[in-house]
Amino acid sequence: MTANSTAIAILLISFLVMIFLRFQIAYAVALSSILCLLYQGLPLTTVCQQMVKGISSFSLMAVPFFITMGCIMGSGGISEKLIALADACVGWMTGGMAMVNIVASYFFGGISGSAAADTASLGSILIPMMVDQGYDDDFSTAVTITSSCEGLLVPPSHNMVIYAMSAGGVSVGSLFLAGYIPGALLAASLMIGSYIISKRRHYPKGEAFSIKKFGKQLGISFWALAAVVIVVVGVVGGLFTATESAAVAVIYSLIVSVFIYRGLDLKGVWKTLEQCVDTLSIVLILISTSSIFGYCLTTLHVPDLAANAIIGLTRNPILIALLLNLILLVLGCIMDMAPIILIATPILLPIATSIGINPIQFGIMIILNCGIGLLTPPVGAVLFIGSAVGKVKMEKVVKATLPFYLCMIVVLLLLTFIPEISMFLPNLLMK
Amino acid sequence: MESFFKTVDSIKPLYDVTYKIMLVICKILLVADIIITSMSVFGRYIPFIPDPSWTEEIVLTLMAYMAVLSAALAIRRGAHIRMTALDRYLPTKLIKILDLLSDVCIMFLAFVMLIVGWQYASTIGSKGVYVSLPKLSRFWMYFPIPVAGLAMIIFELEAIYNHIKGFFVKEEKN
Amino acid sequence: GVTAPEAPAAEPVAEQKEETAAEQTKAPEAVTPAADAITLVMAEVNPLDTIVGMTDQKFKEEVEARSNGSIIIDLQASGVLGSENDVLDTMLGGGGTIDMSRISAFALTSYGGQKSMLLSLPYIFTSRDHFWNFATSDLAQEFLQEPSENGSGVRGLFYGEEGFRHFFTVNEIKDINSFKGMKLRVSNDPIMNGLVEGLGASPTVVSFGELYSALQTGVVDGAEQPIANYKSNAFPEVAPYMILDGHTLGAIQVIITDEAWNKLSAEQQQVLVDAGKAASEYNRSISEEKENAVLEELKADGVTIIEVEDITPWQEAVKPVIEENIKGLEDYYQKLVDMK
Ligand code: NA
Ligand code: NA
């Protein structure tokens, strides 16, 4: 065993042991990294540096802002109106609210381009909404986090920009186009999954659809809906970036809550902020300490080692394709998305192209694989955010997500073996 | 023993106040971040609102303080995510011991953050400044880590004390 | 149903695959590492196939060959070790995890690098040769020692460049006057902000990761990058007008921590210096060539390239900011200007 592999073993094993010993994950991740650094004889300054670096990403700021927006909408009466509208709209369908959640992520997550931001924004509105209507909290959270991965595939997606750069100048425009159908396919697959579960668990069916009721609720929720419109129009129309839209959304929901719906006064706003801080206190530190862990994995060349492990294992193109996915899924369980894309792309892309996978198609595959990784323990930012926003224990969420992992794997396999799903739009429009 | 715990318990109000003050600081930091970010958006279109180039770096720094301070608060609330799936198979006593063990280890982490973090922040602080605000030392970018270390030590002391008290109080009742 | 991708016959595929994979992961390692070899971790924010990445690669090969494998450079490219400032914080804070790095000379500005700051003043170098006159001069050696003298704990080994930086925009531009009222994304450094304001445009903060989308949706009307980065980040797709104003020449340097430097024997230190010279020459030979090739490709892809006939109005636009920022360094500034 080389020094490096011992260090990797110390890192991973001590982490798993601590998790099973009921350590708080945010700190277990830091402690195992410290053990690993000490073994390598490296100074612990890395811990401080990476903790700060982990939260110092501007696009990450969308997460605290959207969580704040969700809290304000919840206590300011905006969510209530949206619930009533959604009920009037899809309450008659089995699992209607789950469908709303999934469709909303296709559009809203598409705008933010970040699964974490999508879970923070829609999750903090939709999970309480679903629970209110009789859905289990773990199911609601599972639907929220899995559907947030649509946002990674539907453009704009800054992870695709990272991939394009590491793949050596793949067209971002083509990648963006390639994401629409896979995103829709993922949505469809999750809808089927939710429908089956909703049917089994006898999730609510509201009253029959009435155009009158719907019209009335639509009127009442005008200002609430305008929040969504402002974000979408603002980002698509180029008034602000996706991250900035989150801050603007907070200001807007504040104005509507205080001055229009009058569900909150300034004292109430101050009180609501406590809820936000409570949720953020759990989420941000996890993102911060996980980055030390990711840094250790990176400097120990774990992605390279993992990729090299599959080279020469088989010559069967189908098996190679499956192995590529497996490697990415395993890496996704322990690492964040951007570092995987940066490190694994130059190694895995040549293997992928050698078995006839187009670089654009591979980009979509890598994004979905890493997206699944965001939802899996032991390190999964979106899983943590979902668990914090939905106030459900992590392991309960994981259990409820099991059928949805399956839905996602099915989509992944389709994307791997049917290139046309990804390539149809770019081939059609980018000639 | 009981009188000892009673004496120590009398400082609990002090902890309540510390918690409240830190919570207020966290709220202010969050509000400041939202205001600064919005200001830079509106400043792009409205002439009298400024849109300075330092917004991004400052927003990130404030968020770092918010993140680590609020995380220390979550220690007191016992809110951090942990795996409790196996709890129902474990004897209560073992769970208590494990809780104590994890809190002692986190105390160690807190000391690392306090000591190494202070050294690091002061070293880099003497060498670097913010890119967009050349007057501001880079010390402030990394200062959140020792601050967090200190805050964690404060609340871990309480948590560890509560565990130990739990052992004795339970034994006495038995 | 599920169909396998069209793959050529299995045999050659596997061979080809092994070849490419080996090439990608283990860069041509002609030298076998000595048993007691010192490994130096080197950070690079760009991918290996860029001008700077190729320069690093050349430096690595030269060091390993010249030292007979007693120094091994563990080159970690594509920014996996973090942004330039992250890497510098690690190196300057005594992190010990990164020994060397290729950085833009400008990056040292926020760590007290006053002389390095001069190198990235807008329009200070009027041509490539002008820059290389400096880079091969004694003055360059003095500049390279600056961080070490400041007590930063790092020292420069050699200079290079990654080409001139130019502005590019979403909508058609003709000359300097086209920028009035535009929102331009520049880094958050005060001098670049001053330049943009001097052009009558407003500097807008957008993080690099959101830049493509920001150009596409119109949050900003333009930005600036070296030609190679402009292409590799697919910016021509959303902003196909580039004006060759060449405001700054992307001066780069390779630095090493004093800690790592002092670990080396005098002989090994000399190896680094000589390898640096070779890498620097290599950088000079490829950067212009590669940049011109990219420029041709861009033209072929339909990008409108606008030449700047007279640079004087651009220089005028930025004069106030420069004067403000070179206080106390006027002598050095003049020396640099005179090197053309
Ligand atoms: Na998206
Ligand atoms: Na969702």
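Visitor: In which helix is Thr289(A) found?
Guide: Thr289(A) sits in helix H15 of chain A, residues 266-299. Helices here are DSSP runs of H or I, at least four residues long, and strands are E runs of at least two, numbered from the N terminus. Keep in mind that this is a predicted model, where local features need pLDDT of at least 70 and side-chain atom pairs count only at pLDDT 80 or more, while totals for chains, interfaces and linings use all residues. Residues are numbered from 1 along each chain as its sequence is written, chains are lettered from A and ligands numbered from 1 in the order written, and side-chain values use heavy atoms, without hydrogens and water.

Visitor: Why is Thr289(A) called buried?
Guide: Buried means under 20% relative accessible area, with exposed over 50% and partly exposed in between (1.4 Å probe, protein chains only). Thr289(A) comes in at 1%, so it counts as buried.

Visitor: And what makes Val258(A) buried?
Guide: Its relative accessibility is 14%, so Val258(A) gets that label too. Val258(A) is in helix H14 (residues 242-260) of chain A.

Visitor: Which residues does Val258(A) touch, not counting those up to four places away in sequence?
Guide: Leu264(A) and Val269(A). Contact means heavy atoms within 4.5 Å.

Visitor: What coordinates the sodium ion (ligand 2)?
Guide: Asn101(A) through OD1, plus Ser105(A) and Ser147(A) through their OG atoms, at 2.2 to 2.4 Å. Donors are N, O and S atoms within 2.8 Å of the metal, or 3.2 Å for Na, K and Ca, so these atoms qualify. Water is not among the atoms, so sites may look incomplete.

Visitor: Where do Asn101(A) and Ser105(A) lie?
Guide: Both are in helix H6 (residues 96-112) of chain A, four residues apart, about one turn of the helix.

Visitor: What makes Lys53(A) and Asp86(C) a salt bridge?
Guide: The rule wants a side-chain nitrogen of Lys or Arg within 4 Å of a carboxyl oxygen of Asp or Glu. Here the closest N and O atoms are 3.9 Å apart, so the pair passes. The count between chain C and chain A is one salt bridge.

Visitor: How much area do chain C and chain A bury between them?
Guide: About 4100 Å², 60% of it on carbon and sulfur atoms. That is the accessible area (1.4 Å probe) the two parts lose on being put together, summed over both. The contact takes 52 residues from chain C and 53 from chain A.
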